[in-house]
Amino acid sequence: MMDSKKAPLIIKHLFLTLSSVLFVFPFIWMILGSFKTSSEVLKGGFWPEKFHWENYREVLEILPLHTYLFNSFYTSLIITVYVLASSALFAYMLTFYKFKGKQLTFSVVMATYMIPGAVSYVPVYVLLANMGLLNTHLGYITSMSVSVFGIFYLKQCFHKVGFETIEAAKIDGASDWKILRKIVFPMTRSSFVTLGLVTFIENYNNYIWPALILNDGSKKLITNGIADYFINSSLGRDWSHIMVASTIATVPLLIVFLVLQKWFLSGVTDSGIKG
């Protein structure tokens, strides 16, 4: 007879295994679909009748994927650095500074988080046009370099440092920059990695906003490039080629996640939300 103490553990493992399969299945189906013909993909079968390795060669000949991947990777990386820096500075001020209107400032910041992103498209578009930054990566990076979620997330993570620790460092003559770099950052490193990974993935997968402001083919991101070639172009919807391009586009994200997964999981579990 099964031990009553082991039963919940077995159920938990079964649930996690089933959940993992459900989450991984679409990615496996996409990879297998990249080796099928377009008609096979539409049939919905799981395993390809024959592995068509030439699909990858054909896509690489049709699409300038190296350009799209580079554009997405480097813009997402720069945006992530800017978001981490701006969020850390703002969160440090809201956490460790004492000033009148502090709570009001935080409330205003959080209120902007409730505004749908699409609402800002027109004013930001006009602003970038007036600055001559439309159809440039600089304009795209500038428009994405601040994150309200990043400010809120790091503010909550900074609470675990303790106000007393900061006060003691200031009494010893440490500057705010040194405190942030030598004390706060090492104690919340996993939270920075978590925010950085989330920001990178979000911008790497961004579609609507870069589609509005980036028109030149050489400046497009991977999401827009794939859509333009296989959905909006005369090439038609060759679903096997779409699967190939999507698989290649996903590889950098998998590499980044596998490298940083230890810090990411630590940041998710350790950064408790405090008031």
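Me: How many of the 275 residues of the protein chain count as buried?
Reply: Of the 275, 37% count as buried, where buried means under 20% relative accessible area, exposed over 50% and partly exposed in between (1.4 Å probe, protein chains only). This is a predicted model, where local features need pLDDT of at least 70, side-chain atom pairs count only at pLDDT 80 or more, and totals for chains, interfaces and linings use all residues. Residues are numbered from 1 along each chain as its sequence is written, and side-chain values use heavy atoms, with hydrogens and water left out.

Me: What is the mean pLDDT of the protein chain?
Reply: The mean is 85, and 91% of the residues reach 70 or more; pLDDT is the predictor's confidence in each residue, from 0 to 100.

Me: And where is confidence lowest and highest?
Reply: Lowest in H14, at a mean of 77, and highest in helix H7 (residues 137–143), at 95.

Me: OK, new topic. How many helices and strands are there?
Reply: The protein chain has 14 helices and zero strands. These are DSSP runs, numbered from the N terminus: helices are H or I with at least four residues, strands E with at least two.

Me: Which residues have the most contacts inside the largest nonpolar core?
Reply: Leu63, Leu65 and Ile222, in a core of 19 residues. A nonpolar core is a set of buried Ala, Val, Leu, Ile, Met, Phe, Trp, Tyr and Cys residues joined through side-chain atoms within 4.5 Å.

Me: Which elements give two or more residues to this core?
Reply: They are helix H3 (54–62), helix H4 (65–96), helix H11 (189–204), helix H13 (222–230) and helix H14 (239–270). H14 gives the most, with seven residues.

Me: What does Leu63 touch?
Reply: Not counting residues up to four places away in sequence, Leu63 touches Tyr68, Gly225, Tyr229, Phe230 and Ala245. Contact here means heavy atoms within 4.5 Å. Apart from that core lies another, of 17 residues, among them Ala91, Leu154, Ala169 and Val184.

Me: Is Leu197 buried or exposed?
Reply: Leu197 sits in helix H11 and is buried, with a relative accessible area of 2%. The C-alpha atoms of Leu197 and Pro48 are separated by 34 Å, and the two residues are 149 apart along the chain.

Me: Last one: what does the C-alpha trace span?
Reply: About 75 × 70 × 30 Å along the principal axes of the protein chain.
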